[in-house]
Each structure stands twice: as structure tokens, then as C-alpha cells.
Amino acid sequence: MASNILSIGQSALAAAQAGISTTGNNIANAATPGYSRQVVIQGSALEQNFGYGFLGQGTQVETIKRIYNDFQASQVRAAQSTNSSQSTYATQLQQVDNMLANPSAGLSPALQDFFKGVQDLAANPASVPSRQAALSSGQSLASRFQSLNDQLTQMNQGVNSQITSSVGVINTYAQKIAQLNDAITLAQGASNGQPANDLLDQRDQLMADLSKEIQTTVVKQDDGKYNVFIGNGQPLVIGKQAYALSTTISPTDPSRIEVAYATNGTSVIMGENSLSGGNLGGLLAFRSQSLDPAQNALGRVAIGLASDFNAQHRLGQDINGNLGGDFFTVASPRVSASTTNTGTGALTATISSASALTTSDYRLNYDGTNYKLTRVTDGAVTTFSAFPQTIDGVSLNITGTPAAGDSFLIRPTVDGAKAINVAISDPALIAAAAPIRSSATSPPIRSSATTANTGTGSIGTASVNPPPVDANLQQPVTITFTSPTTFSVSGTGTGNPTGVTYTPGANISYNGWTVQIAGAPASGDSFAVSPYSGSGTISAPSVNTPPPPDANLQQPVTITFTSPTTFDVSGTGTGNPTGVTYTPGANISYNGWTVQIAGAPASGDSFAVTANTGGVGDSRNALLLGALQTSNTLAGGTTTYQGAYSQLVSSVGNKTNELNVSSTASGNLLTGLVQAQQSESGVNLDEEATNLLRYQQAYQAAGKVMQIASQLFNTLLTLGN
């Protein structure tokens, strides 16, 4: 019996000692990341039958249990992955927001300064300082575009570096998890299945760290190993085997780093949409959803501004009397053929309409029969079988023979802000003037014979005498022949002469004009000299668009009305139309220009459109250039340049705010889940202090049991002696 009591005391002492050691270990690792609280699991030793009943044989320590909840851990990993992704995305996007919305370093002040320079030029078109100021403000605007684009490009390079770093961290974690899988299996096999708690904690901590880098799915095997999957189910860790991610240059964009997965001895680029969550997912989402669109949107503003300004500038006239050229350089779309293409097809792209441009990139794939063009931003697909094609303001053509499976990346606006620059350096080349001008050419007076004349006399065109112009020039005058050799005058400003001797062919002059009468007027014949009665006025001519201007734009043209409803044209580059029907207020267009005539032109009225020779002080084209500032020319004619840039700033700002809010919310959720997990798995020092006292008392009690057993044994020995 004493022996039985002694063994019971020994088992209690061993259990208490295990409890004290476990509690001490908990206290020591209270601040260790990933450590889970451990508890001693005791069980009753096998009872012994003494005939009168079963007596207990003490206790035994069955295992040291790790307090760990797999469901809570999976929740924490998922929340950690989401929070890391949103935090990374928000941090990156905040840089873009700060740059674009900067009131002094953004694009808005440069746009305003540029058009202010154009408006100053319109007010002083002959001023060399005004011209130089306009040129300088254009150079400043181009520099601002380039500066903003350079910063976005640097951010893209930074994303490439961070992606490479993140992939390296992921591979390191995967290797360590695979090693721990093997170590845990070996350790638990050598201990008859007892849990290797510290190794399990290390592995779970690595899984938590891995979830900060990428979203994962964990499948726990029967032998305790973790199989870890990423993306669309690609294995990262299977048992003790780790699979590595890698980085590679994009086959369609040499400036872009892509994430690849090694399978069957080859590397396959993983789609950015499949790599969600974690730091890596946040970087990829930032690049594809915000950084690329922001650079494209900035480029679209630059291309739209440069294209529209160039088009109007080419319709003007510089200070030397020449038609204007391009004011800005304009970027061409960037087209990249995939490095995996096997055909000889070479795709080219040009901008046909800056107004129709979007901020998206496009992917062109050929299946051997049809081409499929996918707009990246929304996935819209256009299928066709032949070139050329024009889509969203971009004209596409292909040479050579593509092979099935060939693909191309088209980025219409990505280089817009990078390539814009001022194409001229001489202020005299700014085309501020209009290349043509119009004027009414009708003489102030006209002559006519009355319809009742019986003689053969005809009156010639009245000519105006040299200045000064007579005050009565346009007063109606009638010359009436009283005989073939005499006439009377009525309606003159100085009286009505009568009996004036007529010499055939001689000049007849009154009120500052002179006419001659040919033929033989008869007695009673009369002739009139009167002002033109037409009220027609010609508008300033506008140069037709689209460019280039007509080759005959500056050739002189005269429009002469033969009646109030018909006119003849002389001096055109394609012939001299006659008897052209005139509709009041309708456009009259020749040689690439258009005018309108207001009022009611009379028979004999004429109007001229000529080159704007010596138009140094003309600012009509400068006014049209300045009007582009408030014209809705982008996004299909729905917004201005400032409006398009404001939309970009607003979009980035709203997304930044959204991510900040989401990141804060996911951070709070993560904190709550971690607290819930720690409330179960974490070490509570107060609780451990209580346990330490409890095990201390148990240890002391077990010692007392052993002391009594020893005394009983000694008593039995004494009785025996």
C-alpha cells in the first residue's frame, strides 16, 4: 500500500512539475509573435482491482495542448490579406493624388497660364514680346506635362521593384513552410503523434506573414501538413515541396514586370486579376486600376490639346504671311507585339480623332481567322476579319502575315504627356492672323438707261472722280436728251442744268462722277446715275476644317451678284462658276473658306475674298486658338481640357478616399479578429500567475503525499524488526 501511495504521489508531483514548466513557458513567451498558449492535459492512470474495488493509480500527463483555433486563424489570415492589399494600394495612390491635385505643381495652373499667354497674344498680335510670352507659356505647359509623366513613370518603376521584392519574400515563406511541414511530420512521428507545438506556432506565424504578401488558401492534411494555394488554385506549398513564383518582363511591354508561375518546366504569366490580396495584390491592383489609367488620362489631355491646337494653328497665318504649321509635337500610339508571336504581322496605329480617344489600353488577338480587340478598362470586345479599322479614334492597320495566337498591345495615349513639346522656336511663326479677308467691292454708284429710250445711245459705267469725294456722289441724277445734241440734268446737288450741249463721246460729269454715252441718243431718251441699292454685307471668312487648308485658300475670289438671287464667281482655283443660285444667309464656300452675306445684295454688288496681305495686326486665329480653352473637345465633345484633367484628379481623389476608408475599416476588423484570437490563444499573465500558484500548491501537496508514504514504509520496516 505504501508503495502504491508513493507512486501516486510521484505521478502527482510529475504532473504538477509539468504544469509549472508549461506555465513558465507561457509566461516567458507572452510577447513572442505567433506563440499560442499551452496547457497540460492530464488523465487518470489505469485503475487497479483489489477485489473490494478499483483503486486509482494516480495521474498521467497525456499531452501538452496548444490552444489554437483553425477557424479564427483562417479569419485572421483573410482579414490580414485584405488589409495589406488595401493599405498598400492606398499608400501608393496617395502619392498620385498629392501630385495631380497639387495647386501649384499640378497641370491646372500651367493650362491657365498657357491660354492666358494666347489671349495676350490675341490682344497684341504684332507684339514680339507677346508672341515670345505665348511661346514660353507653351514650353512651360509641355514641361509640366513631361514632369507629371516622369513622376508617374518613376512610380511604375517603383512598383516593378516592389513586385520583385514581394515575390522574393513569398518564395522565402513558401520554402520555410515546406521545411516546417517536414519537420513537424518527423517530430510528431518520433513522439507517437504528440504535437510539436513550437513548430506549429512557427508555421502558423509564417502563414500569417505570407498572408500579408498574398491571399492564400490553406488545406490541412491528415498528417498535419499544410497545402497552400494562391491565385486560381495554383499550389505554392504541397507537403514538403515548395513551388516558386518568379518575375519576368511583360511580352508586350518591356517596361512592365509581371508575376509568373513555374509549371511543367515553363513559366506562365499569371493574370493580375488572379493575384488578389496582400501586398502583392495591392501593388498589381494599383498599377492596373489606377496608375496606368492616370498616365493614359494625362496623355489624352496632352494629345487632345496638341492635336486641336495644331489643327487650328495650321488654319492661321504667321507674321511672315505663311500658313501656320504644327505648334506642338503629338505622340503616336505605342504598339507592342508580343515576344511570343510567330507570324510576320506588324501592327501600326495612328490617331484619327483625338476627341474620340478613351483612357484605355487595347489588346489585339488573332485566332487564325478573326481579330479580337479588347478594351482593357471594361472588357468590351470588337471582332473583325480585315484591316484597316478605326475604333475609339484610333486607326489600325497591319502589314505582313500574323499567325494564329499572335497578340499586340495598343496604348494610344500613354506617351501623350511624355512626347508633347513646342515644335517652333521663332515667335514670328505663331499663326495669330487669319490667312484671308473679305470686303465689299461694289462701286458707290451705278449707271443705267431707261427702258423707254428710242435711240441707240448706251451709258457706260460711272467712274468716281479722284478725291476728295463729292458730297453729292450718291445723289440720283437723270440725264434727259431734249434733242440729239442737247440734254437737261435733274437731281443734281447744285441745281438742274438745262440745254446742255452734247458732244458725242464726250465726258459728262456731275457730283464727282463721270460717264460717257455711246451711240446716238434720240430726243426724249434718258439715262440715270444712282447709288447702289443693295444692303448686303459680307462676313469675315472662316477657314474650313478639317486641315490641311486648301491649296487655293489665299487665291483672290470675287463674288458678283447678277441679280438679288444669283451670282457669278471669278478667280477660283477650280473654274469660274456663273449663275450660282443665292439663298439669303446660306454659306458660300470656295477654296477651303466659307462666308455668309447678310442683308439683301442688289444686282451689280460684288464682294471679294483675298489673301490677308500685311495682316500683322490681325488676331482672328489667335482668338480661335484662345477659344479652345473652353471648348468641349475631349471625350466625344463633352468636356474641356481642364474638365478632363479635373475628372482625373477627382477620380484619383475619390479612389484614394475610398481606399483610406476601406483600409481603416479592414484594419479595425483585423484588430477585432486578432483580439478575439488572442483572447483564446494568447497568454494572459494574470491567468498564468494564478496557474503558477495552483501548480505550486499541487506540487507541495504531492510532496506531502510522498512524505507520508515514506513514513508509512518506515513504520512497516520497524514492525518487521
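Trainee: In which loop is asparagine 591 found?

Mentor: Asparagine 591 is found in the loop between β37 (588–590) and β38 (593–595); strands are DSSP runs (E, at least two residues) and helices are DSSP runs (H or I, at least four), numbered from the N terminus. This is a predicted model, in which local features need pLDDT of at least 70, side-chain atom pairs count only at pLDDT 80 or more, and totals for chains, interfaces and linings use all residues. Residues are numbered from 1 along each chain as its sequence is written, and side-chain values use heavy atoms, with hydrogens and water left out.

Trainee: What is the phi of asparagine 591?

Mentor: Most residues other than glycine have a negative phi, and most peptide bonds are trans. Asparagine 591, although not a glycine, has a positive phi of about 55°. Asparagine 591 is also buried, with a relative accessible area of 8%; buried means under 20% relative accessible area, exposed over 50%, and partly exposed in between (1.4 Å probe, protein chains only).

Trainee: Where does asparagine 511 lie, and is it buried or exposed?

Mentor: Asparagine 511 lies in the loop between β29 (507–510) and β30 (513–518). Its phi is positive, about 50°, and asparagine 511 is buried, with a relative accessible area of 7%.

Trainee: How many residues has the largest nonpolar core?

Mentor: In soluble globular proteins, nonpolar side chains tend to be buried together. The largest nonpolar core here has 82 residues, such a core being a set of buried Ala, Val, Leu, Ile, Met, Phe, Trp, Tyr and Cys residues joined through side-chain atoms within 4.5 Å. Helix α4 (residues 128–190) gives the most to this core, with 17 residues. Among the residues with the most contacts inside the core are Phe145 and Ile163.

Trainee: Which residues does isoleucine 163 touch?

Mentor: Contact means heavy atoms within 4.5 Å. Not counting residues up to four places away in sequence, isoleucine 163 touches Thr247, Ile257, Val259, Leu280, Leu283, Leu284 and Arg287.
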